[in-house]
Amino acid sequence: MTSVKNNNMFPPGLVSNLQQVLLSRKGGGGGEEKESDLSNDDNDQSTEPSTSACVENTEEEDNNNSKPVVLITNGDGIDSPGLRFLVEALVREGLCSVHVCAPQSDKSVSSHSVTLQETVAATSAEINGAIAYEISGTPVDCVSLALSGALFSWSKPLLVISGINRGSNCGYQMFYSGVVAGAIEALICGVPSLSISVNWKKEESQDSDFMDAVAVCLPVINAAIRDIEKGVFPQSCSLNIEIPTSPSTNKGFKLTRRSMWRSSPSWQAVSANRHPSAGHFMSNQQSLGLQLAQLSRDASAAGAARRLTTQRKNMVEIESVGAAGKSDSNRVKKYFRMEFLDKEQEDTDEDLDFRALENGFVAITPLSLSRHIEEDAHLAASDWISSTLHGDQ
């Protein structure tokens with residue numbers, strides 16, 4: 001009788017009885033030939049699907065390995081139309097293997113924040129033609145994780161693209177921006193990067209503008225992929241691309257400098273009646289277990305500060321937490337909501353990012369990690385843009 005290795009830790013007698021039952025159902029007997037046939041049939045059934053899957057995966061991997069890898073992230077979240085339209089276009093172009101690692105929710109004003117001492121979840125996502133993961137963290141978490149080699153089989157893509165973001169990130173607004181931070185994180189790690197945003201206006205813009213924005217920036221992306229492989233793409237900077245409100249009627253590309261423009265933060269007091277009660281806090285979170293763990297840590301830390309981000313956009317509650325068991329009756333709690341308001345700028349320099357954007361140009365601003373190399377980075381970007389986009393201009 002053909003020997004069967006017992007890998008399941010069941011008693012040998014039970015395994016033998018099960019085998020006899022299976023043999024009898026197959027046609028009776030119990031001889032060596034019958035059992036051998038059963039074993040072969042089982043092996044065929046168990047291995048055929050996996051062999052087919054392995055062949056399919058191998059072919060896909062071979063196709064991916066033959067193309068340069070481009071990583072896509074953003075600040076608005078993996079379901080945003082800007083990211084989806086961009087990925088679809090890159091897949092359709094077929095010049096690169098597209099990998100996506102983006103926040104699972106809106107992190108557009110997360111700046112360069114990272115997640116420490118908390119578990120970050122990476123969940124596979126369905127985007128046709130791309131290998132995609134949604135991350136329970138910030139854009140910087142996404143890029144850092146992707147480049148670590150822990151999530152993908154590679155650790156250094158050819159290019160990182162962060163966007164396309166809903167809302168401009170000119171001037172000092174870049175310091176708040178999650179989409180720009182994703183590109184800067186790639187630059188810190190030595191990977192060429194682009195950040196892309198559309199000057200979104202509620203009363204004018206619509207989701208179809210993202211399709212036009214993709215068409216506008218695709219020549220820049222394709223040129224970057226080509227020239228990075230040739231070794232002629234600017235190495236010391238990340239390019240921040242700002243697309244005007246009406247992408248299809250833009251006046252062309254313009255190399256710009258970062259201005260001092262920023263939206264004006266406006267804080268407004270919010271009535272306690274309009275703020276969700278503490279009882280609603282748990283229902284608004286994704287994981288009860290994680291929140292219980294967080295509450296446990298807070299309760300054990302006397303005088304700790306807990307920052308509770310609510311469902312209301314741009315609204316943050318800052319709460320002081322006393323020692324466990326201490327009465328809250330003497331504490332005063334207030335609620336505030338912060339919004340960014342646009343304000344007029346008096347600077348008329350046409351070479352500044354926000355001014356070029358307002359005048360209908362696609363503003364391309366080189367961002368470097370040090371002011372000491374800022375001028376060299378600007379000159380390198382100027383040479384590349386002039387030679388690459390001359391026909392478009």
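## An exposed alanine in a loop

Ala-272 counts as exposed because its relative accessibility is 52%, where exposed means over 50% relative accessible area, buried means under 20%, and partly exposed lies in between (1.4 Å probe, protein chains only). Ala-272 is found in the loop between strand S9 (264-270) and helix H7 (278-281). Helices (H or I, at least four residues) and strands (E, at least two) are DSSP runs, numbered from the N terminus. The C-alpha atom of Ala-272 is separated by 6.7 Å from that of Tyr-335, although these two residues are 63 residues apart along the chain.

## What kind of model this is

This is a predicted model, in which local features need pLDDT of at least 70, side-chain atom pairs count only at pLDDT 80 or more, and totals for chains, interfaces and linings use all residues. Residues are numbered from 1 along each chain as its sequence is written, and side-chain values use heavy atoms, with hydrogens and water left out.

How confident is the predictor? The pLDDT, its confidence in each residue from 0 to 100, averages 77 over the protein, and 66% of the residues score at least 70. Over residues 277-290 the pLDDT is below 50, and this stretch has nine contacts in the model beyond near neighbours in sequence; a contact means heavy atoms within 4.5 Å. Residues 292-323 also have a pLDDT below 50, with 56 contacts beyond near neighbours in sequence. Where pLDDT is low, the predicted coordinates should not be read in detail.

## The overall picture

The protein has 393 residues, and 41% of them count as buried. Its secondary structure comes to 10 helices and 13 strands. Among contacts between residues at least 6 apart in sequence, 75% join residues at least 24 apart.

## Helix H3 and its partners

Let's look at one helix. H3 (residues 81-93) has 13 residues and reaches 18 Å from its first C-alpha to its last, close to the 18 Å expected; the expected span is 1.5 Å times one less than the number of residues. Buried residues in H3 include Pro-81, Leu-83, Leu-86 and Leu-90. The buried residues of this helix pack against strands S1 (69-73), S2 (97-103) and S5 (159-166), and against helix H6 (208-230). Just after H3, Gly-94 takes a positive phi of about 75°.

## Inside the protein

Which residues have the most contacts inside the largest nonpolar core? They are Ile-72, Val-100, Leu-159, Ile-161, Ile-164 and Ile-221, in a core of 50 residues. H6 gives the most to this core, with 12 residues. A nonpolar core is a set of buried Ala, Val, Leu, Ile, Met, Phe, Trp, Tyr and Cys residues joined through side-chain atoms within 4.5 Å. A second, separate core has 13 residues, among them Ala-146, Leu-147, Trp-154 and Val-191.

Is Asn-165 buried or exposed? Asn-165, in strand S5, counts as buried because its relative accessibility is 4%. Leaving out residues up to four places away in sequence, Asn-165 touches several residues, including Asp-76, Ser-108, Val-179 and Phe-210.

## Cysteines

How many disulfides does a search of the whole structure find? The search finds zero, a disulfide being a pair of cysteine sulfur atoms within 2.5 Å. Cys-142 is in no disulfide, and the nearest cysteine sulfur, that of Cys-101, is 4.6 Å away. Cys-142 is buried because its relative accessible area is 0%, and Cys-96 is buried because its relative accessible area is 6%.

Conventions
pLDDT = per-residue confidence, 0-100.
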